[in-house]
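Notebook open, viewer open. I'm jotting down what I look up as I go.

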Amino acid sequence: MTRTTHGPVAVLGLGAMGAGLARRLLDEGVQVRVWNRSADRTAPLARAGAHVAAHPAEAVAGTSAALCVVADGEALGTVLRGPDGVLADGPYPGVLLCASTVAPEEVVQIAGDLPRILDVGMLGNRDHARDGELRLFVGGEAQTFDAARPLLETLGKEVVHLGALGSGMRMKLLLNLLMGIEVQALAEATELAGACGLDRQQVLKTIAGSGFASPVMAFKSRRLAAGRFEEPDFRLRLMAKDLMLATKQAAAAGLSLPLATAAAETHVRATEQGLGDQDCAAVTRALRPKPGTDT
């Protein structure tokens with residue numbers, strides 16, 4: 001049974017997570033207005049009842065909240081402050097939720113003097129987004145968080161207010177740092193197994209069933225076993241971006257994080273090899289020796 005608990009909500013950016021969030025809201029009886037840079041992704045949501053807008057300013061018209069779920073800081077800045085952006089006609093009266101993973105300082109800079117804005121670090125995949133099973137880590141003023149809590153609790157099974165604006169992004173970068181290192185460690189173990197003559201499938205099964213594997217490693221082991229990296233849960237180029245952001249945060253704090261630095265370098269190299277739009281588990285392909293080299 002659906003229920004309407006919020007005014008119209010805009011979802012800006014319909015990648016895997018944005019589309020899942022929009023679908024969740026529609027399933028809960030919320031009026032949804034959507035926008036995406038490439039219009040082909042809007043059709044399934046239009047069929048489900050969403051209003052498709054031509055640009056962000058049109059999408060947020062008459063809404064009580066707007067979720068920005070775009071790829072990076074440049075895209076977020078354009079969606080908010082570019083021509084036909086959310087703020088093109090003046091301040092947005094609703095609550096603006098920035099769920100794009102960007103540098104914490106960047107979201108603060110982009111926000112400027114906006115009175116009602118939150119940054120939301122989302123933990124989960126497209127299925128979690130669609131089913132309301134995300135874990136959400138939020139930064140921003142307490143009053144704004146309280147106003148957005150009913151909406152956030154519709155989208156997530158756990159909603160945590162961490163503090164000032166930027167806190168949500170800091171938590172998200174920490175979590176993605178762990179994910180990037182764990183998936184690369186799994187890929188390295190698998191490639192070493194193959195190079196040593198062990199059966200890769202058996203090794204992956206053993207790791208996934210052991211106490212050494214985190215849930216994300218057990219999940220990604222299935223992709224590595226199948227060698228299937230299309231239709232990504234999380235694009236490798238986005239992992240590379242987030243690992244680089246984490247290393248920059250560390251440098252600014254005077255910290256040396258050797259594992260994070262190494263993982264960032266590997267993911268950047270994998271992106272340069274053309275693997276960026278595949279699932280992040282495709283980092284395994286960047287570990288293999290080039291043809292003609294000694295193994």
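Predicted model: local features only at pLDDT ≥ 70, side-chain atom pairs only at ≥ 80, totals over all residues.

I started just past helix 11, where glycine 254 has a positive phi of about 75°.

Next I backed up into helix 11 itself, residues 236–252. I checked its length: 17 residues at 1.5 Å a residue should span 24 Å, and the end C-alpha atoms are 24 Å apart, so the two agree. Then I looked up which of its residues are buried, and the list includes Leu236, Leu238, Met239, Leu243 and Ala250. Asp242 and Thr247 are on that list too. What covers them? Helix 8 (167–195) and helix 12 (258–275) are among the elements covering the buried residues of helix 11.

I moved on to strand 5, residues 95–98. Val95 and Leu97 point one way, Leu96 and Cys98 point the other way, and all of them are buried. Which strands pair with strand 5? On one count, strand 4 (residues 65–68) runs parallel to strand 5, with four bridges joining them. Leucine 67 has leucine 97 as its bridge partner there. To get from strand 4 to strand 5, the chain goes through helix 4 (residues 73–81), and this β-α-β crossover is right-handed.

Strand 6 (residues 117–123) also runs parallel to strand 5, joined by three bridges. Here leucine 96 stands opposite isoleucine 117. The chain gets from strand 5 to strand 6 by way of helix 5 (residues 104–111), in another β-α-β crossover that is right-handed.

Leu97 came up again when I looked at the cores. The largest nonpolar core has 32 residues, and Leu25, Leu97, Met122 and Leu152 touch the most other members. Elements giving two or more residues to this core include strand 1 (9–12), helix 1 (16–27), strand 5 and helix 7 (142–155). I followed leucine 152: leaving out residues up to four places away in sequence, it touches Leu97, Val120, Leu136, Val138, Phe145 and Val159.

Last, I zoomed out. The chain has 12 helices and eight strands. A compact globule of 295 residues would have a radius of gyration near 19 Å, and the chain has 20 Å, which agrees. Its C-alpha trace spans about 60 × 45 × 35 Å along the principal axes. Buried residues make up 48% of the chain. Of the contacts with a separation of 6 or more, 62% are between residues 24 or more positions apart.

How values were computed
Residues numbered from 1 in each chain as written. Heavy atoms only, no water. Buried < 20%, exposed > 50% of the residue type's maximum accessible area, 1.4 Å probe, protein only. Pairing = 2+ DSSP bridges. Right-handed = clockwise from strand over helix to strand, strands pointing away. Core = buried A, V, L, I, M, F, W, Y, C linked by side-chain atoms within 4.5 Å. Contact = heavy atoms within 4.5 Å. Expected span 1.5 Å × (residues − 1). Rg over C-alpha atoms; globule rule 2.2 N^0.38 Å.
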